[in-house]
Amino acid sequence: MIPYSDVNSRNNGLPLVTITIIIVNALVFLYEQMLDMGGGRELQRFILAYGVVPFEITTGQDLAPRIPLPIWFTLFSSMFMHGGWMHIIGNMLYLWVFGDNVEDRLGRLNFLLFYLISGLAADAAQILSDPVSRTPSLGASGAVAGVLGAYLLFYPKHRVNCLIFLGIFISRTQLPAILVLGFWFVLQLFNSFVSSGAESGVAYWAHVGGFAAGMLIAAPLLL
């Protein structure tokens, strides 16, 4: 099930922060592709340097290749890096579908802060799941998960247009956000318990942490 749009109008014009985040992610990914043209070694160094490595954060040691910035900077830089085409396309699609309405609800500056805090919460959850891991984690997934959590609280009954894959057949349908996003969260939670992030290549605990943070931040706004 892949959401591709929602039935939810905005009140405050273009979602400029959402669009800017997507552009920044795209530019960083383009830079990664340029590094990859040299055989992949420079790209690997870039990922090791600017991805968030739990061991580095928990010990304060900057493993090689080192960066000319405090090690906590990787908590932010990793949010704008991706490991492949499907990784960035999936994240940016979800951000585009659900981010505009959350930005509309929160306001631009608040949405930016919300996005970054959700990403930090996602990093924290992933680090706590394996504090001594030396495998870099990267991607906007955790921050985007926060957006999904907020959307679920703000607009649970709004309809989401989805593609449903049934073998070789593809159908389109509309489902309520609570079903689409609730299913997504349950799937991430299940995978976080049954899959090893290092083996699967997916930071499921970051998804869970980001989603939970998004809901916790958004909840007081419903009162």
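Predicted model: local features only at pLDDT ≥ 70, side-chain atom pairs only at ≥ 80, totals over all residues.
Q: With which residue does the side chain of Arg10 meet in a salt bridge?
A: A salt bridge is judged by the distance from a side-chain nitrogen to a carboxyl oxygen, with a cut-off of 4 Å; here the side chain of Arg10 meets that of Asp100 at 2.9 Å, N to O. Because Arg10 lies in the loop between strand S1 (2–7) and H1, while Asp100 belongs to helix H5, the pair ties together parts that are 90 residues apart in sequence. Asp100, for its part, is buried, with a relative accessible area of 7%.

Q: How many salt bridges does a search of the whole structure find?
A: The search finds two. Besides the pair of Arg10 and Asp100, there is a salt bridge between Arg108 and Glu103, whose closest N and O atoms are 3.9 Å apart. Arg108 is partly exposed, with a relative accessible area of 38%, whereas Glu103 is buried at 4%.

Q: How do I read a helix such as H1, and which of its residues are buried?
A: One can look at its span and then at its faces. H1, residues 16–36, has 21 residues and reaches 30 Å from its first C-alpha to its last, close to the 30 Å expected at 1.5 Å a residue. Its buried residues are Val17, Thr18, Ile21, Ile22, Asn25, Phe29, Glu32 and Leu35.

Q: Against which helices do the buried residues of H1 pack?
A: They pack against helix H2 (41–50), helix H5 (85–106) and helix H6 (108–129).

Q: In the largest nonpolar core, which residues touch the most other members?
A: This core has 37 residues, and those that touch the most other members are Leu95, Phe98, Val102, Phe111, Tyr115, Val147 and Leu181. At least two residues each are supplied by H1, H5, H6, helix H7 (141–154), strand S2 (159–166), helix H8 (177–194) and helix H10 (204–218). The largest share, nine residues, comes from H7. Apart from this core lies another, of five residues, among them Leu35, Leu43, Phe46 and Ile47.

Q: Where does His82 lie, and what does its side chain make a polar contact with?
A: His82 lies in the loop between helix H4 (74–77) and H5, and His82 is buried, with a relative accessible area of 1%. Its side chain makes a polar contact with the side chain of Asn91 at 3.1 Å. Not counting residues up to four places away in sequence, His82 touches several residues, including Asn25, Phe29 and Glu32, as well as Leu138, Gly139 and Ala140.

Q: How do I read a peptide bond, and is the one from Ala64 to Pro65 cis or trans?
A: Most peptide bonds are trans. The bond from Ala64 to Pro65 is cis, with omega near 0°, and Pro65 is found in the loop between helix H3 (54–59) and H4.

Conventions
Residues numbered from 1 in each chain as written. Heavy atoms only, no water. Helix = DSSP H or I, 4+ residues; strand = E, 2+ residues; numbered from the N terminus. Expected span 1.5 Å × (residues − 1). Buried < 20%, exposed > 50% of the residue type's maximum accessible area, 1.4 Å probe, protein only. Contact = heavy atoms within 4.5 Å. Core = buried A, V, L, I, M, F, W, Y, C linked by side-chain atoms within 4.5 Å. Polar contact = N/O pair within 3.5 Å; in protein donor to acceptor, adjacent residues only side chain to side chain.
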